[in-house]
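Visitor: I should like to learn how to read a structure by asking about it step by step. May we begin?

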Amino acid sequence: MHIGEGVLLPQIIIPANVVAGALSAYLVYKLEVKDIPKIACMSAIFFIASFIHVPLGPTSIHLILSGLVGAFLGMNAVLAVLIALFLQALFFGYGGISVLGVNLLVLALPAILGRYFLHLSFMKYQKFCWFLAGFVPILVSALTLSGVLVLNGKEFVAVAGLALASNFALMAIEGVISLFGIGFIYKVNKDLLR
C-alpha cells in the first residue's frame, strides 16, 4: 500500500511531510525508554510482514499488520511504522523517501484504531473486536490512499478504485490474523495487552 516516488504532486507531499514530521517529533519527545524495545519488536513485525505476498489474480497484495502494531503500541505505532517505512524505502525501494510522510499518515494513523478496538474488546464482543482491530485500520488506510490518489488528479481515479478494491481481501486476512494473534497473547500473557 505504498505510494512510490514521482507519483504525487508537491501540494500533497509537502503538507503531509510537515504533519508527519511534527507528529513524529512530538512522539519522540514524549517517548519513554521502557517503550523502545516494544516499538522495535513491532516495527520488525511490520517490516517482515510486508515481504509475505498473497497472490490475487494478476497482482498480489502483501501483509501490513498495522492494526496489530497499533493494538500493542497505541500512538507509538507511528514511530514503529516510520522506522519500518524508512528502511523499506532505503533498502528495497518500497515507497520512497520524499513520500515517506504521505505513506506514514496513510498507514500509521489508522493503525491507532487497533488500540481502540483492543480496549473495546475488554468490555464486550471480545473476538469480534480483535477481528476489527486488524480489519478496520486496513480499510481506513485503503480509503485514505484512494483519497490521496483522487486528490492527485482525475487520471488517478481509476487507480484509486483499483487500490481500494484490491485491498478488500487483505482487510479480511488481516482481521483473521489479528483475531488469532491477539487471542494467543490473551491466553499466554494478558498483561502484554494492557
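The questions and answers below concern this predicted model.

Visitor: How far apart are the end C-alpha atoms of helix α5, and what span should its residues give?

Guide: Helix α5 covers residues 100–111, which is 12 residues. At 1.5 Å a residue, the helix should span 16 Å. The computed distance between its end C-alpha atoms agrees with this expectation, being 16 Å.

Visitor: Is helix α5 largely enclosed or largely open, and how many of its residues are buried?

Guide: A residue counts as buried when its relative accessible area is under 20%. The buried residues of α5 include Leu100, Val102, Asn103 and Pro110. The helix is largely enclosed by the rest of the structure, because the number of its 12 residues that are buried is 11.

Visitor: Which helices do the buried residues of α5 pack against?

Guide: Packing is judged here by contact, meaning heavy atoms within 4.5 Å. By that criterion, the buried residues of α5 pack against α1, α2, α3, α4, α6 and α7.

Visitor: Is serine 178 buried or exposed, and which residues does it touch?

Guide: Serine 178 belongs to helix α9, which comprises residues 168–188. Its relative accessibility is 1%, so serine 178 counts as buried. Leaving aside residues up to four places away in sequence, serine 178 touches Leu68, Trp130, Ala133, Gly134 and Gly183.

Visitor: Which residues form the nonpolar patch on the surface, and what is their accessible area together?

Guide: One of the residues in the patch is phenylalanine 92, which lies in helix α4. Phenylalanine 92 counts as partly exposed, because its relative accessibility is 43%. The patch is formed by Phe51, Phe86, Leu90, Phe91, Phe92 and Ile97, and their accessible area together is about 580 Å².

Visitor: Which residues are linked in a network of salt bridges?

Guide: Side chains of opposite charge can pair when their charged atoms come close. Lysine 34 forms a salt bridge with glutamate 32, with the closest N and O atoms 3.7 Å apart, and lysine 34 also meets aspartate 35 in a salt bridge at 3.4 Å, N to O. The network of salt bridges therefore links Glu32, Lys34 and Asp35.

Visitor: What percentage of residues 157–186 is helix, and how far apart are the end C-alpha atoms?

Guide: An unreviewed UniProt entry lists residues 157–186 among those under "transmembrane region". In the model, this stretch contains 0% strand. Its helix content is 97%, and its end C-alpha atoms are 42 Å apart.

Notes
Residues numbered from 1 in each chain as written. Predicted model: local features only at pLDDT ≥ 70, side-chain atom pairs only at ≥ 80, totals over all residues. Heavy atoms only, no water. Helix = DSSP H or I, 4+ residues; strand = E, 2+ residues; numbered from the N terminus. Expected span 1.5 Å × (residues − 1). Buried < 20%, exposed > 50% of the residue type's maximum accessible area, 1.4 Å probe, protein only. Patch = residues over 30% accessible without salt bridge, like charges linked within 9 Å, V, L, I, M, F, W, Y side chains within 5 Å. Areas by Shrake-Rupley, 256 points an atom, 1.4 Å probe, with all protein chains shown as cover. Salt bridge = Lys/Arg side-chain N within 4 Å of Asp/Glu carboxyl O. UniProt positions renumbered as here; feature names shortened; annotations may be inferred.
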